[in-house]
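Thanks for coming, everyone. Please look at the model on the screen while I talk. I'll take it one part at a time.

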Amino acid sequence: MSTLGTVFLQSTSFIDAMYIVAFSLFIYGMSGLTGPRTAVRGNKIASVGMVIAVIATLMTRHVLDGSSTPWLIALGIALGTAVGVPAARNVKMTQMPQMVALFNGVGGGAVALIAWIEYRHHFGGDFPLRVEIPSLFAAIVGSVSFWGSNIAFAKLQEILPGRPIKLPGQSAINLLLLLVAAGSAVLLAAGTHSQALFVLGILLAAAVLGNMVVLPIGGADMPVVISLLNAFTGLSAAATGIALNNYALIVAGMIVGASGSILTNLMAKAMNRSVPAIVAGGFGGAVAAPVHAGAEGGTVRSTSAQDVAIQLSYARLVVIAPGYGMAVAQAQHAVRELERALEAKGVEVKYAIHPVAGRMPGHMNVLLAEADVPYDLLREMDDINPEFSRTDVTLVIGANDVTNPAAKNEPGSPIYGMPILEVDKSAAVVVLKRSMASGFAGIDNPLFYEPKTSLLFGDAKASVSEITAEVQAL
Amino acid sequence: MIVTELAILVLAAFVGFEVISKVPNTLHTPLMSGTNAIHGIVVLGGLLLMHEAHGVLEHALLVIAVMFGTINVIGGFLVTDRMLGMFKKKPDPVEPAEADSTGAGAGEEKK
């Protein structure tokens, strides 16, 4: 065990050098992820960095000491692989957002558990503040992230309703919980070493706080929340790094924390929302204004696949606005077929992609790319909005909130101010919908009651296939 | 020591800000998922502490922590790869001007 070679390999400098290689690969890989051409490679590069970091850690002196240690580490990694690989491989494209939330959550959970162990080790003994403060921070933030992410998962998976859930006096409760968690932390840091204070005061209060903060946030804002929690987990990982004296953790955690907060801002901006407004949405009565009920009781016009086919075939420009409904029905291939059938008839077809259509930014692009829709037909919101005025028919496939004109016209609406696809400007609108249920934000859509709008009820995939068949038969 | 670590922390923050300064909407989700995988690095914390653990509770907590971290890392990278897989063999959506020169190259990547 003590040959010169092993001594060298286990030396701190060598391990640190490997860490430097690892986080360089993270940074390089992440910068690759910001461009479509380099993204796939960037992700692979970052994962190589992770493998190097893990190997370096396992090579560190004493890490594998003890007869059971290697086995327990192997057990943890094996369990994680057994859960993570099938989950990542089998998840449907429509369920990606909640999967990311879940992965983020377990990361936060790992942080909180590690902080707990770190606390136990120093419990009653020597606990320097430079270890204690970051550990307490990691325990609180990791725990909030774990529970918050689980709630986000449950909401997106529709285990919990997507609409905001609020308790009376929510903001007071949240503030109290934060005080309990922070107060326990201060007491602990001041020298009151108590196991119960740590577990009950910090881990539990933070857990409930995580639930409370995310529960009141509406489903439509969930991607931004997941991104925010992602940044949180990064920060807490960096704090763990300081407590454990580990450079790889500090750098990787902080980069994620920083980039995650920028990304959160970018996402919020794409929805014309501000991050404080989204989070505060859960804190008070700010969105208490009742949803304008003007559209209620209006009548909708339903139509048949044949009528839609005729309408589409004789149009010059058809814009397809896909949404979550298309994703759920896995209708992207059927949509591509319809587009081809229409193009064969000389109809110009474009796709209007709202930045947050579906439940994550880029969701629609991914699905339509899978169905081989050419990129040049996909138009982002700002490019397509001016074109709606010369569009003959807009085909809305399972999109709701992102087409809701209430976002422009009704200051009382919870989504007021969110930029939308202005489909109501086109000459006619056909909406494919499963039922009259409201969208994920739980808001009624006046678009459906407009005279120029007709609705075709049914599963998006079946409806689109039917329309395609009718178009081809014409 | 703590000063060095704080310096590293601050510099890493600037790197993080810088790397994400501009990114197309389309890539928000994969990027979030990719950075999500990277913070799975906390698994190292579990690995480092395992040999110091005493008793069943600590060992059990650490095995769970390592499991969670591993799920975060492996799941995160795999999911990101699957999302990005949808973009392969397609010409560049963001900079169409370069599409001609890059389309072929992207197409050669393995399926």
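Start with what covers the buried residues of α2(A): the cover includes α3 (39-59) and α10 (247-270) of chain A, together with α1 and α2 of chain B. Helices here are DSSP runs of H or I with at least four residues, strands are runs of E with at least two, and both are numbered from the N terminus. Buried means 20 or more other C-beta atoms within 10 Å of the residue's own; exposed means 12 or fewer; partly exposed is in between; and the C-beta atoms are placed from the backbone. In α2(A), the buried residues include A:I15, A:Y19, A:F23 and A:M30. Helix α2 covers residues 12-32 of chain A, and its end C-alpha atoms are 30 Å apart, which agrees with the 30 Å its 21 residues should span at 1.5 Å a residue. That expected span is 1.5 Å times one less than the number of residues.

A word on what you are seeing. This is a predicted model, where local features need pLDDT of at least 70 and side-chain atom pairs count only at pLDDT 80 or more, while totals for chains, interfaces and linings use all residues. Residues are numbered from 1 along each chain as its sequence is written, and chains are lettered from A and ligands numbered from 1 in the order in which they are written.

Now the two chains together. How many residues of chain B are in contact with chain A? 79 of them, facing 97 residues of chain A. Contact means that the C-beta atoms of two residues, placed from the backbone, lie within 7 Å. On the chain B side, α4(B) gives the most, with 26 residues. By class, that side has 48 nonpolar, 22 polar and 9 charged residues. Nonpolar covers Ala, Val, Leu, Ile, Met, Phe, Trp, Tyr, Cys and Pro; charged covers Asp, Glu, Lys and Arg; the others, Gly among them, are polar. Chain B itself has 5 helices and 0 strands. Of its 111 residues, 52% are buried.

Back to chain A. It is divided into domain 1 (1-89), domain 2 (97-288) and domain 3 (305-473). Those bounds come from an automatic or database domain assignment. The centres of domains 1 and 3 of chain A, taken over C-alpha atoms, are 45 Å apart.

Next, the strands. Strand β1 (residues 317-322) of chain A is largely enclosed by the rest of the structure, because 5 of its 6 residues are buried. β1(A) runs parallel to strand β2 (residues 348-353) of chain A, with 4 bridges. There, A:I320 has A:Y351 as its bridge partner. β1(A) also runs parallel to strand β4 (residues 393-397) of chain A, with 5 bridges. A:V319 stands opposite A:T394 in that strand. Strands pair if DSSP finds at least two bridges between them.

A:H62 has phi near 75°, positive in a residue other than glycine. A:H62 counts as exposed because it has 11 C-beta neighbours inside 10 Å. Phi of A:Q330 is near 55°, also positive in a residue other than glycine. A:Q330 has 17 C-beta neighbours inside 10 Å, so it counts as partly exposed.

Last, confidence. pLDDT is the predictor's confidence in each residue, from 0 to 100. Chain A has a mean of 84, and 92% of its residues reach 70 or more. Over residues 282-297 of chain A, pLDDT stays under 50.
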